[in-house]
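Work through the exercises below with the sequence and the 3D view open. Try each task before you read its solution.

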Amino acid sequence: MKQTPSQTVGPYFAYGLVPSQYGYELNSLWGSDIAEPGCAGVPVTLMGRVFDGQGEAVFDALVEIQQADAQGHHLHSLEQARTTGFRGFGRMGTGSREDRCFVFRTIKPGASADGHAPHLDVILTLRGLLNHLYTRIYFEEDSAQHARDPVLAQVPPERRATLMARPDATGVYRFDIHLQGPEETVFFDV
Amino acid sequence: MTEPTPRLSPRDWASHPPSLSPAYASSVLRSPTRPLIPIAASLAELAQPVYGHDMIGALDHDLTRNAARNGAPLGERIIVAGRVLDDQGRPVPHTLIEVWQANAAGRYIHRIDQHDAPLDPNFLGAGRTLTDAQGRYRLLTIKPGAYPWGNHPNAWRPQHIHFSLFGAHLGSRLVTQMYFPGDPLLELDPIYNSAPAGARERMVAQFSIDLTQEGFALGYVFDIVLRGLQATPMEAAR
């Protein structure tokens, strides 16, 4: 059977996909807390913006993040999520804050058994984008593991920096996504 | 003998729009300019986000009631139902479908929608459901109105409902739009027409008198096909 074509998420997804983040009267299935306070692991706050080809911060993008837990394992059940406080997935629209940032609270994922360095998988959709994009966020300090990571190995060395989150002076990890331009983020055909 | 690792079928680019589709003006500054880097299936085969039936409210699938305050929403009640399948023809069971749409007057409740058409106090326009064990789903809603947008002079979006699905794998995610048969705006719409001819028609629901409920609501069938795990010799032998 042939796949149903992809279309843009459009400008008005917020009340459907992240309603409570924007103050609509519907509960969100997921928010920007990927791990609840007290969840095992090193707490991480991740913050960034999505920039278009003119360097304008996009206010109608949806950023979705999926990740493994501190041991490098993906979540298997809702029951597990409820007992551990690790939800494994989060969503945030960039129009819910004045500064157009996405901000996620989570824990640092562990490396996976098959040699992937700690990373977050990102799904990006926005008005103007007809096919959602996949990228990955790695943590700058894990350079030894990056040298062995099978996905990074497929990325030209000069573009790998676009996949690295770096802590700022307050310890918040910063990761901006550039849709175009000299710093264009590496996107994957998954 | 080692079992071959099942692979997620590739994104069939002959079915999807090119990300840069200049007739859709917003795509020009918002689509990547460099080729996507193909990566091995391990990422694609990651499980989808975890959710369950108890995250879905009893009225979440019924947009005619899930935001009602003091009456029923205005407009033409419709049933939208179908199956979610993978491209190997297998049903995708217990998978999340999220929808959002304009009201009957063509107005979205989203605060940035400034179209001069009325909001409906009894209609939010958002809903969600899970497919059953056979991949079937059923939604009840109001037929959305067409609405103007700024893409080009006298631009109007055809009537549509936005759909978001995860499927069984990270790589099977799909964000799409469902359109209505016979809509004269379809041939003029750069978003609909961004998908290749021969593929875009899959986004048009079919009217069904069998799904239509007498004295209550017209029925539209919309089947959705996601990427699936390709059959391996081991699977074929089962």
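A residue is buried if 20 or more other C-beta atoms lie within 10 Å of its own, exposed if 12 or fewer, and partly exposed in between; the C-beta atoms are placed from the backbone. This is a predicted model: local features need pLDDT of at least 70, side-chain atom pairs count only at pLDDT 80 or more, and totals for chains, interfaces and linings use all residues. Residues are numbered from 1 along each chain as its sequence is written, and chains are lettered from A and ligands numbered from 1 in the order in which they are written.

**Exercise 1. Decide whether F104(A) is buried or exposed, and list what it touches.**

Step 1. Locate the residue. F104(A) sits in strand β5 of chain A, residues 102-107. Strands (E, at least two residues) and helices (H or I, at least four) are DSSP runs, numbered from the N terminus.

Step 2. Count neighbours. F104(A) has 24 C-beta neighbours inside 10 Å, so it counts as buried.

Step 3. List the contacts. Two residues are in contact if their C-beta atoms, placed from the backbone, lie within 7 Å. Leaving out residues up to four places away in sequence, F104(A) touches S32(A), I34(A), L46(A), I65(A), G90(A) and M92(A).

**Exercise 2. Find which residues cover the two faces of β6(A), and which strands pair with it.**

Step 1. Check burial. Strand β6 of chain A covers residues 119-126, and eight of the eight are buried, so the strand is largely enclosed by the rest of the structure.

Step 2. One side holds H119(A), D121(A), I123(A) and T125(A). The other holds L120(A), V122(A), L124(A) and L126(A).

Step 3. Find the partners. Two strands pair if DSSP finds at least two bridges between them. Strand β3(A), residues 61-67, runs antiparallel to β6(A) over seven bridges. There, A61(A) stands opposite L126(A). Strand β7(A), residues 133-139, is also antiparallel to β6(A), with six bridges. Here D121(A) has R136(A) as its bridge partner.

Step 4. Look at the turn. Six residues lie between the strands of the β6(A) and β7(A) hairpin, and G128(A) takes a positive phi near 95°.

**Exercise 3. Describe chain B as a whole: which elements, in what pattern, and with what radius of gyration?**

Step 1. Count the elements. Chain B has two helices and 12 strands. In sequence order they read β-α-β-β-β-β-β-β-β-β-β-β-β-α.

Step 2. Test the size. The radius of gyration is taken over C-alpha atoms, and the globule rule is 2.2 Å times the number of residues to the power 0.38. For 238 residues a compact globule would have a value near 18 Å; chain B has 19 Å, which agrees. Along the principal axes, its C-alpha trace spans about 65 × 40 × 30 Å.

Step 3. Look inside. Of the 238 residues of chain B, 42% count as buried.

**Exercise 4. Work out how many residues of chain A and chain B are in contact, and which strands pair across the chains.**

Step 1. Count both sides. Contacts involve 58 residues of chain A and 64 of chain B.

Step 2. Name the elements. On the chain A side, α1 (14-17), α2 (78-84), β6 and β11 (188-189) give two or more residues each.

Step 3. Find the strand pair. β11(A) runs parallel to β1(B), residues 37-38, through two bridges. D189(A) stands opposite P38(B).

**Exercise 5. Find where H94(B) lies and what its phi is.**

Step 1. H94(B) lies in the loop between β2 (77-86) and β3 of chain B.

Step 2. Its phi is near 50°, a positive value in a residue other than glycine. Most residues other than glycine have a negative phi.

Step 3. H94(B) has 14 C-beta neighbours inside 10 Å, so it counts as partly exposed.
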